[in-house]
Protein chains: 2
Amino acid sequence: MALVPIFAQLDPDERHEIAQRARQKKYGRNEQLYGAGEKNPYLMIVHRGWVKIYRLAESGREQLIRVLGPGDFIGEMSFISASETDHFAVTLEDSQICSLHHEDIRGFLLRYPTIAYKMLETVTGRLEQTERLVSSLTGEDAERRIASFLLELAARDGKDTVELPVSKKDLASYLGTTPETVSRRLTAFEGKGWIRQGAKGRIEILDREAMAGM
Amino acid sequence: MALVPIFAQLDPDERHEIAQRARQKKYGRNEQLYGAGEKNPYLMIVHRGWVKIYRLAESGREQLIRVLGPGDFIGEMSFISASETDHFAVTLEDSQICSLHHEDIRGFLLRYPTIAYKMLETVTGRLEQTERLVSSLTGEDAERRIASFLLELAARDGKDTVELPVSKKDLASYLGTTPETVSRRLTAFEGKGWIRQGAKGRIEILDREAMAGM
DNA sequence: CGACTCGTTGAGCAAGGTCAAAGTACGTGG
DNA sequence: CCACGTACTTTGACCTTGCTCAACGAGTCG
């Protein structure tokens with residue numbers, strides 16, 4: 001509980017109060033938390049595991065929106081608009097999720113401003129990231145988007161070997177392209193000696209400079 | 001002041017306190033509020049007029065991010081990250097802008113939870129809209145994006161004649177396409193009898209059904 | 001062990017980006 | 001108030017990116 005960023009600055013008593021209204025639940029791999037068309041009147045916080053959020057286009061195409069890790073939350077949309085969601089939340093691994101009903105959260109937000117402040121920080125950061133994605137979708141070609149994604153992932157983890165958080169199929173949808181193109185570009189990068197592909201979505205970046213400056 | 005949504009629920013005394021720390025300024029048309037590389041430690045609220053927010057790609061391409069009208073605000077990014085902005089804010093018309101320094105805003109946010117709550121609502125809504133834009137950029141072709149944009153604009157204003165808030169050049173960058181394509185598609189729509197184009201970016205929608213169902 | 005999903009590679013094609021040029025609206029300064 | 005210059009818009013022609021369809025191989029779950 002103390003590890004959840006939005007509650008980090010509360011004192012133990014206050015955290016206890018919130019914990020009492022929270023509902024913990026364990027999920028298996030590939031289990032759906034909620035789907036489009038349902039109402040999800042809960043703020044859901046990931047304690048353990050990974051959850052992917054995606055939308056389904058009419059064409060049936062899966063559009064990956066975001067991947068949640070420990071400490072991340074989802075469901076802040078609906079306690080604003082209170083309408084049905086238009087996306088899906090599915091676990092990627094065995095996960096543990098903590099849910100708070102909107103009624104409760106609203107009260108906590110008004111009572112403990114640090115929570116609202118932290119949530120505002122998080123949502124703002126998410127907005128910034130999404131706006132950067134928009135920029136790259138409109139301004140860069142597929143090759144550069146893929147390269148940028150790898151570099152960003154490597155920079156965030158501070159490592160040269162990155163592990164794709166999702167399948168290449170999902171990654172392709174996130175980057176606004178197709179699995180075929182992702183596969184082709186990565187093979188091309190490998191041919192130029194920029195990266196080396198391992199098993200299980202593991203990619204070692206050999207030449208940052210070249211990739212960044214292409 | 002009472003018209004600014006994020007301060008709407010405060011009582012007059014509280015609003016007065018905030019107004020005392022605010023700085024009003026008038027801007028002419030096409031005047032820059034701030035640019036990329038600068039720090040903008042202010043929450044800027046539009047009182048009157050219109051402001052466009054855009055990013056400049058290395059190619060020199062202008063990427064329109066958002067248009068602010070009365071009651072909208074910008075600058076919530078930097079009081080989180082406190083780093084330099086990577087975008088530009090320029091007035092489209094004569095405008096009146098109210099600025100609050102981040103130091104002050106932070107205090108107000110923690111003191112008056114309704115402000116934080118309202119801002120969270122706004123930013124969440126903005127995030128939702130941006131995520132929908134991402135979906136349309138990755139899932140729909142240029143023609144449908146343009147049609148959807150017109151329909152959405154018409155739906156929001158509840159009118160059949162919409163007025164483009166920005167130039168077609170800027171609109172093209174927002175929709176992830178080029179001015180040429182926007183021009184061509186609109187001409188095609190006109191040819192099919194779906195719309196009629198007037199002067200000054202005025203467009204009359206003649207056949208919603210056909211456009212929505214294409 | 002079999003069925004299914006995911007990943008890779010190939011070939012063809014179309015959407016739309018690019019370049020070019022002409023026309024139009026608009027703001028500015030004389 | 002008019003004339004000029006600048007930026008935006010439109011139209012045309014061409015060409016590239018990357019999407020689509022298809023087939024095959026590989027890994028994975030039940």
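Predicted model: local features only at pLDDT ≥ 70, side-chain atom pairs only at ≥ 80, totals over all residues.
Colleague: Is B:Thr138 buried or exposed?
Modeller: B:Thr138 sits in helix α4 (residues 113–139) of chain B; helices (H or I, at least four residues) and strands (E, at least two) are DSSP runs, numbered from the N terminus. Buried means under 20% relative accessible area, exposed over 50%, and partly exposed in between (1.4 Å probe, protein chains only). B:Thr138 has 12%, so this residue is buried.

Colleague: How far apart in space are A:Arg48 and A:Asp94, C-alpha to C-alpha?
Modeller: A:Arg48 belongs to strand β3 (residues 42–48) of chain A and is partly exposed, at 39% relative accessible area. Beyond its neighbours within four places in sequence, its contacts are A:Lys26, A:Asp94, A:Ser95 and A:Gln96. A:Arg48 and A:Asp94 are 46 residues apart in sequence, and their C-alpha to C-alpha distance is 7.9 Å.

Colleague: Which way do α1(B) and α3(B) run relative to each other?
Modeller: Two packed helices get described by the angle between their axes and the distance between the axes. Helix α1 (residues 12–21) of chain B packs against helix α3 (residues 102–111) of chain B at about 165°, with the axes 11 Å apart; axes are lines fitted to C-alpha atoms, for helices over the stretch in contact, and angles run from 0 to 180 degrees between N-to-C directions. Angles under 35 degrees count as roughly parallel, over 145 as roughly antiparallel, 65 to 115 as roughly perpendicular and the rest as oblique. So α1(B) and α3(B) are roughly antiparallel.

Colleague: How many disulfides does the structure hold over all chains?
Modeller: A disulfide is a pair of cysteine sulfur atoms within 2.5 Å. There are cysteines to look at: A:Cys98 is buried at 3% relative accessibility, and B:Cys98 is buried at 2%. Over all chains, the number of disulfides is zero.

Notes. Residues numbered from 1 in each chain as written. Chains lettered and ligands numbered in written order. Heavy atoms only, no water. Contact = heavy atoms within 4.5 Å.
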